[in-house]
Amino acid sequence: WSSDVCSSDLTSTQARYIINGVLSTGETNKNNLEKITQASASWLTYDFVQGKWKVVVNRALSVGELASVVTYDDDSILGEVTVNATNLEDLYNSIEIEFPSREIRDQNDYYRAEIAAEDRNDLEPDNSLNLRYDLINNGIHAQRLGLIELVQSRVDKTIQFKTTYKGLQTSAGD
């Protein structure tokens with residue numbers, strides 16, 4: 001990994017996620033909620049079982065949560081299982097994040113990082129992920145979210161299969 005930050009000092013610590021910015025009342029509630037969840041390593045999803053919107057935190061599961069995950073087996077999978085990884089040309093290997101920094105009076109600041117050449121796949125083309133976080137105002141927070149996005153973009157897998165009615169009760173993270 002290599003990274004650089006324009007003016008922010010990333011050597012201090014802070015609370016994991018602090019939302020700090022302005023939301024527009026002219027935006028829809030959903031757009032504002034998506035900005036908040038994006039700035040806190042989460043996503044917004046609709047839970048069809050409960051009939052409500054909910055926030056899913058993008059994090060590793062605890063040991064207790066792993067013990068209660070939903071599992072599928074030959075009795076609940078109907079037909080073939082397809083596993084797809086991210087295409088080589090769609091892998092991100094660098095990131096640039098723009099955010100209004102409190103250290104420079106809310107002027108735009110940047111955090112940049114890239115995957116080292118030896119950690120890339122053979123023939124992997126350069127592909128940069130560019131993000132703007134309106135509700136983040138410091139480099140530590142921008143770095144944390146950016147590295148989560150960069151690493152996760154490289155480990156995504158999509159598994160598709162048809163299931164019995166058991167699948168109706170399953171939500172993301174189950």
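Visitor: What relative accessible area does tyrosine 72 have, and how is that read?

Guide: Tyrosine 72 has a relative accessible area of 25%, so this residue is partly exposed. Buried would mean under 20%, and exposed over 50%. The model is predicted. In the protein chain, buried residues make up 25% of the 174 residues.

Visitor: How many aromatic pairs are there?

Guide: Two aromatic pairs are counted. One of them joins tyrosine 46 and tryptophan 53 edge-to-face, with 5.4 Å from centre to centre and 75° between the planes. Edge-to-face is the term used because the angle is over 60 degrees. Tyrosine 46 is partly exposed at 33% relative accessibility, and tryptophan 53 is partly exposed at 49%. Tyrosine 72 and phenylalanine 161 form an aromatic pair too, edge-to-face, with centres 5.0 Å apart and planes at 65°.

Visitor: Where do tyrosine 72 and phenylalanine 161 lie?

Guide: Tyrosine 72 is in the loop between helix H2 (63–67) and strand S4 (77–85), while phenylalanine 161 belongs to strand S8 (residues 157–163), so the pair ties together parts 89 residues apart in sequence. Phenylalanine 161 is partly exposed, at 31% relative accessibility.

Visitor: Which charged end sits over the ring of tyrosine 72?

Guide: That of lysine 166, which is 5.0 Å from the centre of the ring.

Visitor: Which residues is isoleucine 77 in contact with, leaving aside neighbours within four places in sequence?

Guide: Isoleucine 77 touches Tyr72, Phe161 and Lys162. Isoleucine 77 is part of strand S4. For the protein chain, 73% of contacts between residues at least 6 apart in sequence join residues at least 24 apart.

Visitor: In what order do the elements of the protein chain run?

Guide: Reading from the N terminus, the order is β-α-β-β-α-β-β-β-β-α-β. That comes to three helices and eight strands.

Visitor: How many salt bridges does a search of the whole structure find?

Guide: The search finds nine. Among them is the bridge between glutamate 65 and arginine 59, whose closest N and O atoms are 2.7 Å apart. Glutamate 65 is partly exposed at 28% relative accessible area, and arginine 59 is partly exposed at 46%.

Visitor: How far apart are the closest N and O atoms of arginine 154 and glutamate 124?

Guide: They are 2.7 Å apart, in a salt bridge. This pair links distant parts of the chain: arginine 154 is in helix H3 (residues 139–155), and glutamate 124 is in the loop between strand S6 (107–114) and strand S7 (128–132), 30 residues away. Glutamate 124 has a relative accessible area of 9%, so glutamate 124 is buried.

Visitor: Which residues do salt bridges with shared partners join into one network?

Guide: Begin with aspartate 134 and arginine 132, whose side chains form a salt bridge with an N to O distance of 2.8 Å. Salt bridges that share partners join Lys35, Glu98, Arg132 and Asp134 into one network. Aspartate 134 is partly exposed, with a relative accessible area of 34%.

Visitor: Which residues make the nonpolar surface patch of about 280 Å²?

Guide: The patch is made by Ile19, Leu23, Leu33 and Ile36. Leucine 33 is found in helix H1 (residues 29–38) and is partly exposed at 41% relative accessible area. The accessible surface of the protein chain is about 11,500 Å², and carbon and sulfur atoms account for 50% of that surface.

Methods. Residues numbered from 1 in each chain as written. Predicted model: local features only at pLDDT ≥ 70, side-chain atom pairs only at ≥ 80, totals over all residues. Heavy atoms only, no water. Phe/Tyr/Trp six-rings, centres within 6.5 Å; stacked < 30°, edge-to-face > 60°. Buried < 20%, exposed > 50% of the residue type's maximum accessible area, 1.4 Å probe, protein only. Helix = DSSP H or I, 4+ residues; strand = E, 2+ residues; numbered from the N terminus. Lys NZ or Arg CZ within 6 Å of the ring centre and 35° of its normal. Patch = residues over 30% accessible without salt bridge, like charges linked within 9 Å, V, L, I, M, F, W, Y side chains within 5 Å. Areas by Shrake-Rupley, 256 points an atom, 1.4 Å probe, with all protein chains shown as cover. Salt bridge = Lys/Arg side-chain N within 4 Å of Asp/Glu carboxyl O. Contact = heavy atoms within 4.5 Å.
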